[in-house]
Number of protein chains: 2
Amino acid sequence: MKEKLAELKRRLLEIDDLNAATAVLNWDQTTYMPPGGAAARGRQLATLSQLAHEKFIDPEVGRLLEALRPYAETLPYDSDDASLIRVTQRQYDKSTKIPSELLGAFYAHSAAAYQKWTEARPANDFTAVQPYLEKSLDYSRQIADCFPGYDHIADPLIDFSDEGMKAESVRALFAELRAELVPIVQAIVAQPPADNSCLLQAYPEADQLAFGQKVIKAYGFDFQRGRQDKTHHPFMTKFALGDIRITTRVKPNDLSEALFSTLHEAGHAMYEMGIKPELDGTLLANGTSSGVHESQSRLWENLVGRSRPFWDHYYPELQAAFPEQLNAVSPDTFYRAINRVERSLIRTDADEVTYNLHVMIRFDLELALLEGSLDIKDLPDAWQARYQSDLGLQAPDNRDGVLQDVHWYGGFIGGAFQGYTLGNIMSAAFFDQAVQARPTILSDMRQGDFAALHGWLKENIYQHGSKFTANELIEQVTGAPLAIAPYIRYLRTKFGDLYHLA
Amino acid sequence: MKEKLAELKRRLLEIDDLNAATAVLNWDQTTYMPPGGAAARGRQLATLSQLAHEKFIDPEVGRLLEALRPYAETLPYDSDDASLIRVTQRQYDKSTKIPSELLGAFYAHSAAAYQKWTEARPANDFTAVQPYLEKSLDYSRQIADCFPGYDHIADPLIDFSDEGMKAESVRALFAELRAELVPIVQAIVAQPPADNSCLLQAYPEADQLAFGQKVIKAYGFDFQRGRQDKTHHPFMTKFALGDIRITTRVKPNDLSEALFSTLHEAGHAMYEMGIKPELDGTLLANGTSSGVHESQSRLWENLVGRSRPFWDHYYPELQAAFPEQLNAVSPDTFYRAINRVERSLIRTDADEVTYNLHVMIRFDLELALLEGSLDIKDLPDAWQARYQSDLGLQAPDNRDGVLQDVHWYGGFIGGAFQGYTLGNIMSAAFFDQAVQARPTILSDMRQGDFAALHGWLKENIYQHGSKFTANELIEQVTGAPLAIAPYIRYLRTKFGDLYHLA
């Protein structure tokens, strides 16, 4: 049994090496690669992914897992070996249930759809991508149908990124959340918007980057095991537990862009940096779901990085870094600026309160498309109708409407968006538990000390990697299934205070 | 036949993708990787190399080559397809004649020897590496013996990097060269050394890099298909013909370090950037030998970059970039400084005239070790004796003596050094032909215009990649086998003028 386990680990490590190489090539492509490298890079990435996939769906992997199951059952559920066998089996089943030809055809189609979208969006041309989206929807249904027995056709697709979550339970949670959010948004936007002009001044790039790095170092981002570079779209990537990188982009006239994307990506990175080293090179050395991952990025970006205690400590330091821009700006004005709430068209620019409304619109439209109650051709109108009803505004064109997000144009229709809002909900649920367990967290933050918070997160969430599903982890940490109450309480307290709501 | 050729190319492309990924991971390791990434990176690199090797020695590759040979014989020798089949066959034979276990054992030993050397060199401890070197010598002999029928046991090892070159012919060429060089060196070092203090001032890093990049852009280095980053040891690497990168290091108090390493590596890079695009993704899309590669780096570094016509154009620009450091320094003083000749201990710091003496010492010692006329334990003394007789000085310790170069500690003993001097000899032979064919080259250089030279090199050398061996290429370009005459003429003219030699 020991030999079979060693053989399984050896194979997984080889696959992990190939996946890590893919990640390095992707990182290089978006950070430093000269334009002439693009064509070959696409091919190199395809070759590496294909090899890793072939090695993972090798029937010998299935036989090893089969042979190891009885052994796993003798071990505690949360032991490294039992978890490895369980999680690998689940991933193996998912990977082998989809015929390779179908997956290959879908990837080829996705690449073409993405390419078409990059042209169609600036041209505001939905009809150019419509046939691609129709085909993507068809593929999404076919791939969902590889997992018969689902309650809702979106369930298998949701399961890819948020294992164990289902359309109906997410829908119910989101309906509950929307009922709470809409009146808060209405009450806030009835008031004059916060003045954010202090953020929109000239801020030198190097100083912006230096300040962000100083903060995340204090958070606990380990620069011996990571670094930050510039890209067009910020992201986090991992090459091994000892090499986890983040990227950001800098707007010379908007302080919030680089700073909050840095705090966000550092949250993703610290999650994976905190996974116990023994899990490195296996499927367990990853965040467990897109929702839990997002809970960590949003926790460090918003619950910490846009909080009053955080800025009680850091605002004087920020003023010292940018005296010309900020010496005349009061802490109150700055705090209101970084927490300005407004109805807007673009999800990625949205504030904490309205952000989830953007996500829910997309989630509902995905479900309607998959169910067949909405046709692709009617998607632009449906999008506009929902923005009108939920956010009270309409995009002037499809560019900032249905063509806004890459997700549907480079992947499945279904399962693409729920993680963002699940993450927000979880971030407050986890933070609540942390503060209950370590009551000094808020006063420590006021001193620029994040050790208690980081330590609690590491102990209760990070170290486990993907041993537990999101639902298991939430039960374990909060003692109950995911609930919106802590999140609503958080929003009500923070924004009630900021906007003097009843 | 078309299908077999397509299948061969498909397999080679997959192998090329894996090798490119290895190159990206190596590049990242030396440029940006945080320290925490080191352990996993070593393993990832080993996995990728192993996969590429397995795929290349697959018997199906041998069968395809076998089946394609009759087809290749119907094609012109220099056609893309005939060359691909011929060169791949040669490489396949080399790769399959060495048993995988032997190669694997050697690589494992090399990694350990290299590791030991990194500790032994600073500790000046030859005895620590002596057993490793003994084993390396044993492996080198075993691997040479995989190619029975050689004239000299070093021939197969020389052939790995300089295909077609043999110990005896290289030895003869080097003996002829030494006979010419020694009196030149003696005549020069009898005179007071040139004053190079103008180079040893404070030069800001960013300005050094900017100046070097301006020059190589004028040379024809294509920044759309390449870039420059900083590393501890400068190198050139290729991920595809559209993505070829160089690195450099900057000494804040020595202008020559970054500048000449930039010109050197750009020479390597322009060679591969000039390979015809149709050869991309095959074994033909490489420089053809270490000697020819070095001829291009040395040509752009020395024959161009340390020449009087070059500095007639660039010295005013250099002064404009560094007015405080250079406005009081005459062009003559500067030109003498960058061409200062002196007896020295360190090969990589040596000037154009003495450099080859360093190389020949190593080459002769390698042959003696392989022949068995010198034991590893006597190597330090033999090293010192040769430095005394050839360069008239002795290293104060082994650190700057026999422990100086990494080559023997990270690879074979044999075939490691001859390429450097072959490259110098070739650089003058090729440059001579270029100037004869395009007589404006020297006057163009005086205008900062390198198009005629670059164009000639591309047409006659670069575009062919490794279609022709070094010997074939030299015959084709110069009409005769490699001769030292042009190189000696070049050195005599340049340094005769600088040092007023008879």
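Two strands are taken to pair if DSSP finds at least two bridges between them, and this criterion is applied here to a predicted model. In chain B, strand β2(B) and strand β3(B), the latter spanning residues 243-248, meet this criterion in the antiparallel sense, with 4 bridges between them; within this pairing, Thr237(B) has Arg245(B) of β3(B) as its bridge partner. Helix α10 of chain B, formed by residues 255-273, packs on the sheet and touches β1, β2 and β3 of chain B, and the direction of this helix makes about 165 degrees with that of β3(B).

The sheet of chain B is open and consists of 3 strands in the order β1-β3-β2, with mixed pairing. Because β1 (226-230) and β2 (236-240) of chain B stand at the edges and each has a single partner strand, one side of each is left without a neighbour in the sheet. From one strand to the next, the twist averages 25 degrees.

In chain A, strand β1 (residues 226-230) pairs with β3(A) in the parallel sense over 5 bridges, and Gln228(A) stands opposite Ile246(A) of β3(A).

Strand β3 of chain A (residues 243-248) is mostly covered, with 6 of its 6 residues buried.

Key: Residues numbered from 1 in each chain as written. Chains lettered and ligands numbered in written order. Predicted model: local features only at pLDDT ≥ 70, side-chain atom pairs only at ≥ 80, totals over all residues. Heavy atoms only, no water. Helix = DSSP H or I, 4+ residues; strand = E, 2+ residues; numbered from the N terminus. Axes fitted to C-alpha atoms, helices over the stretch in contact; angles between N-to-C directions. Contact = heavy atoms within 4.5 Å. Buried < 20%, exposed > 50% of the residue type's maximum accessible area, 1.4 Å probe, protein only.
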